[in-house]
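Hi there,

Here is the structure I promised to pass on. Have a look at it first, and my notes on what turned up follow below.

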Amino acid sequence: MFRYIVRRLLQMVLTFFGATFVVFALMFANQDDPLQALAGERPITESQRIALTERYHLDDPFLTQYWYYMKGLLTGDFGTSLNGRKIADLLEAAWPITLRLALMAVVIAAIIAIGAGVFSAIRRGGAFDNVTLVVTLVLLSMPIVVIAPLAQLLFGIQLGWFPPTANAKATFYQLLLPAMVLASSVLATQLRVTRTSVAENLRADYVRTARAKGLSGRRVISVHVLRNSLIPVVTLIGVDLGNLMSGAIVTEGVFNIPGVGFNLARGIRSEDGPLVVGFVSALVIVFLVVNLLVDLLYAALDPRIRYE
């Protein structure tokens, strides 16, 4: 296990450098004039331009700019955005609400997907199974950029069941609609994977043996089938974290939630390279750590799995 963790950590380091390099290149390599893009139509004096160019090393070669950024990042300095605010301060303010939103979305998606997936597998070919198939196909065909404004319009404005917007101090109720919208981006795949995994395990030899021993159907499913079936589902939930983070850009923008996705979208629109790269670097770290934890959960779910 120790050797496996060390090997994964080394892979994470390479992945982190590769991801940050690609994002840094996309944001800085072909930027025409990021300072003027930030200022909009307001003129920038020559002295301001010289000072900002020197501060952000915009006149240096690309690799030199990347070296300066990584040098600061490895010492815990995420840099300063083009509007003069510390990126670490922006992250500190944005992370709590995005974390709450993502956690609510993960829980909502997991509860619905696992519950509906298990029931669909038990009642294969029934009415509930067919309904869930149609619902998942609809969700897969509708991107979150469509679902989010429709949900806000229907449930937030017309019906008034939920608040149409939220803020940094939003309550659980205010975040419930955005969380359900965000959960819809991963719900369909989790439900279908759960249904397929449970259906396959129900036909396994150990299930027939357990039933032959006189175990009740509920015990066979809850103790034997569900534990083995959750392995691919847990894997998918870890991978879906990336989808939730990308979906948060749209969801937080639509519902005006000042989280990580909201700030990241604003940085992209204003071509604020340091802000975008800093936020993406933090997201990469979170994504890598969560995937490592998911891998380590395999052994807890299935004792047959051992890492060398």
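A nonpolar core here means a set of buried Ala, Val, Leu, Ile, Met, Phe, Trp, Tyr and Cys residues joined through side-chain atoms within 4.5 Å. Please keep in mind that this is a predicted model.

Let me begin with the inside. The largest nonpolar core has 30 residues, and Leu-101, Leu-175, Leu-177, Val-181, Leu-182, Phe-255 and Ile-257 have the most contacts inside it. Helices H5 (87–122), H7 (144–158) and H8 (172–202) each supply at least two residues of this core, with H8 giving the most, 11 residues. Taking Ile-257 as an example, and leaving aside neighbours within four places in sequence, its contacts are Ile-97, Leu-101, Ala-166, Leu-175, Pro-178, Glu-252 and Phe-262. There is also a second, separate core of 29 residues, and among its members are Tyr-69, Phe-78, Ala-282 and Val-284.

Now to the surface. Phe-21, Val-22, Leu-26 and Leu-63 make up a nonpolar patch there, with about 410 Å² of accessible area together. Helix H1 (residues 2–28) gives the most to the patch, three residues. Leu-26 lies in helix H1 and counts as exposed because its relative accessibility is 66%, where the cut-off is over 50%.

Last, the aromatic rings: there are five aromatic pairs. One of them joins Phe-155 and Trp-161 in a tilted arrangement, 5.7 Å centre to centre with 35° between the planes. Phe-155 is partly exposed, at a relative accessible area of 27%.

Best wishes

Key
Residues numbered from 1 in each chain as written. Predicted model: local features only at pLDDT ≥ 70, side-chain atom pairs only at ≥ 80, totals over all residues. Heavy atoms only, no water. Patch = residues over 30% accessible without salt bridge, like charges linked within 9 Å, V, L, I, M, F, W, Y side chains within 5 Å. Areas by Shrake-Rupley, 256 points an atom, 1.4 Å probe, with all protein chains shown as cover. Salt bridge = Lys/Arg side-chain N within 4 Å of Asp/Glu carboxyl O. Helix = DSSP H or I, 4+ residues; strand = E, 2+ residues; numbered from the N terminus. Buried < 20%, exposed > 50% of the residue type's maximum accessible area, 1.4 Å probe, protein only. Contact = heavy atoms within 4.5 Å. Phe/Tyr/Trp six-rings, centres within 6.5 Å; stacked < 30°, edge-to-face > 60°.
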